[in-house]
Structure formats: C-alpha cells, structure tokens
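Student: Can we go through this protein together? I'd like to start with the overall layout and then pick out some details.

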Amino acid sequence: MPARRTTLSAAAVFLISALVLSSCSDDDRKADGGASAGAGAAGRGTSPLENPDGTKPGLAPLTSPEDQKAGRALIAKVATAAAGPKDGYDRNEFGPAWTDNVDGIPGGHNNCDTRNDLLARDGAAVERKDGSKCVVTSMTIHDPYTGKSVDWNKQQASKIQIDHVMPLSYDWQMGASKWEKLKRVQIANDPLNLIPADGSQNASKGDSGPSAWLPANPEIRCSYAVRFAQVSLKYQLPVTEADKKAMLQQCGG
C-alpha cells in the first residue's frame with residue numbers, strides 16, 4: 001500500500017505541473033493578445049485593426065481570414081478619385097520636418113520631435129542621449145517592411161527612416177493642396193501615418209501608392225493596406241481606383 005500511495009502522489013504531481021504549464025501558456029497568449037490584437041510574437045508589432053490612432057508599436061501581419069475580412073471592410077470605405085497635379089508641392093508646405101509644434105495629434109507639444117517619438121514608440125532596448133528624455137541614440141527595432149530586426153544607432157541614422165504611409169506628395173495630389181497649413185502639418189506628423197522602416201525601402205517607395213509600391217515583406221502587405229486606408233479615412237483623402245484595388249487584393253479581395 002505505501003508503494004501505491006507513492007505512485008499515485010507522483011502521478012498527481014505530474015498532472016498538476018502539466019495543468020500549471022498549460023495555464024501559464026494560455027495566460028501568456030492572452031497577455032500577448034495574438035497577432036491580431038496588440039503586440040505580436042517576437043515583438044513584431046501591433047495589428048492596425050487594434051491600433052486606430054497609431055500610438056501602439058509597429059505593424060503586425062493580418063493573417064487570419066477574420067482579420068483580412070475586417071481589413072477589406074475598412075478599405076471598402078475609402079473614396080476614390082483621380083490624382084491631381086503635383087504643381088506647387090513642396091515639403092515645406094507640410095511644415096518643418098518632424099516638428100513638435102502641432103495641435104490635434106498624439107505626441108504634439110510633448111517636448112520631443114516626431115522622429116524621436118516614433119523611434120521610441122517602435123524600438124526596444126531604447127537608449128537616449130545623456131541628459132535627454134527625447135533623443136534616441138540606439139535601439140533594436142523590428143522593421144515590418146523587410147521582416148528583419150535591426151540594431152540601430154544614431155551614427156547610422158539613415159539605416160532606419162520614418163516612412164509616411166500616405167506620402168506627402170500623394171496627399172498633395174489627392175487634395176491636401178487645398179487644405180489649411182495646420183491640417184498638412186498634422187498628417188505629416190501623425191503617428192498613424194508614420195512607420196520607422198528600412199531606409200532603402202523608404203527610398204524605393206518615393207511618393208507611390210499601393211498599386212505601384214508595396215513592402216518587400218509579403219506578410220505585412222494587408223496590414224500596410226489597412227494602415228493606408230486608416231490614414232485616408234481619418235483625413236478624408238481619396239485614393240486612386242488602382243490603389244484601392246491593390247489594397248483590397250492584399251487582404252484577399
């Protein structure tokens with residue numbers, strides 16, 4: 001009998017341990033929220049569907065049929081129009097680059113310029129200049145456009161650039177040329193419209209819409225299209241017919 005009690009006790013310990021481990025895994029998954037709700041696996045970022053103001057880090061893939069359907073529904077709301085001329089476009093029409101002096105968007109007037117706000121938002125192991133609460137000098141960042149993690153420091157500043165998801169020249173052609181200056185400064189510095197990404201990707205994009213340019217990482221293309229749509233809808237800027245079609249296609253439409 002004593003031997004039997006010992007065997008049963010060991011089995012009970014094994015079962016309890018398995019249940020505890022299972023519970024911990026479930027709790028971890030709930031805390032992560034999955035790829036479609038909050039920060040994804042391995043710091044891959046946040047689903048755009050769970051980040052409508054752009055204040056959460058990064059850009060996570062939308063891979064489930066449910067999320068892609070939600071993405072298509074959002075993109076379907078975007079208006080279309082023919083692109084206007086580039087005449088009169090100048091970067092200065094959207095205010096000084098990365099200005100903190102902007103009302104009505106997250107991060108405005110927080111005593112830190114937009115670029116450093118975005119590096120801090122998306123970076124991990126962020127280090128700042130001595131004596132500064134703002135200037136990021138080094139970090140590790142997951143670049144959604146390539147799917148790679150990058151060790152970045154200020155001496156290699158151009159290695160990570162801040163992409164305007166809806167490029168400013170594109171905005172100008174689609175209606176921003178008629179806006180008051182404040183609204184242009186807002187879209188240029190709104191975290192919803194900004195993704196830190198590989199410098200060569202940003203350079204290759206130029207002022208292209210989704211029908212002419214998409215991130216190199218195919219896993220992120222639906223999320224990118226959804227983010228493009230979110231900016232379009234927030235600022236009531238149309239996209240071209242070709243761009244809307246391309247956006248829908250990225251989410252299985």
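Predicted model: local features only at pLDDT ≥ 70, side-chain atom pairs only at ≥ 80, totals over all residues.

Student: OK, how many helices and strands does the protein have?

Tutor: There are 8 helices and 5 strands. Starting at the N terminus, the order is α-α-α-β-β-β-β-α-α-β-α-α-α.

Student: And how much of the protein counts as buried?

Tutor: The figure is 42% of the 253 residues.

Student: What about contacts between residues that are apart in sequence?

Tutor: Take the contacts between residues at least 6 apart in sequence: 65% of them join residues at least 24 apart.

Student: Now the core. Which residues touch the most other members of the largest nonpolar core?

Tutor: Those are I187 and F228, in a core of 37 residues. Two or more residues each come from α2 (65-75), α4 (168-173), α5 (181-189), β5 (194-198) and α7 (221-234).

Student: Which element gives the most to this core?

Tutor: That is α7, with 7 residues.

Student: What does I187 touch?

Tutor: Leaving out residues up to four places away in sequence, I187 touches F94, H164, L168, D171, W179, N193, V231, Y235 and L237.

Student: Switching topic: how do the axes of α2 and α7 cross?

Tutor: The two axes come within 9 Å and cross at roughly 30°. Angles under 35 degrees count as roughly parallel, so α2 and α7 are roughly parallel to each other. The crossing of α2 past α7 is left-handed.

Student: Which residues meet there?

Tutor: From α2 they are Q68, G71, L74 and I75, and from α7 they are C222, A225, V226, A229, Q230 and L233. By type, the residues of this contact are 7 nonpolar, 3 polar and no charged.

Student: Where is W98, then?

Tutor: W98 sits in the loop between α2 and α3 (114-122).

Student: Is W98 buried or exposed?

Tutor: Buried: its relative accessible area is 19%, and the cut-off for buried is under 20%.

Student: Which other residue has a positive phi?

Tutor: Q236 is one, with phi near 55°, and Q236 is not a glycine either. Its place is the loop between α7 and α8 (241-250).

Student: Does Q236 count as buried or exposed?

Tutor: Q236 counts as exposed, because its relative accessibility is 69% and exposed means over 50%.

Student: Last one: where does K154 lie?

Tutor: K154 lies in the loop between β3 (148-153) and β4 (160-164). At 42% relative accessibility, K154 counts as partly exposed.

Student: And what does K154 touch?

Tutor: Not counting residues up to four places away in sequence, K154 touches V135, V136 and T137. K154 and T137 are 17 residues apart in sequence, and their C-alpha atoms are 4.9 Å apart in space.

How values were computed: Residues numbered from 1 in each chain as written. Heavy atoms only, no water. Core = buried A, V, L, I, M, F, W, Y, C linked by side-chain atoms within 4.5 Å. Buried < 20%, exposed > 50% of the residue type's maximum accessible area, 1.4 Å probe, protein only. Helix = DSSP H or I, 4+ residues; strand = E, 2+ residues; numbered from the N terminus. Contact = heavy atoms within 4.5 Å. Axes fitted to C-alpha atoms, helices over the stretch in contact; angles between N-to-C directions. Parallel < 35°, antiparallel > 145°, perpendicular 65-115°, else oblique. Left-handed = near helix turned anticlockwise from the far one by under 90°. Nonpolar A, V, L, I, M, F, W, Y, C, P; charged D, E, K, R; others polar.
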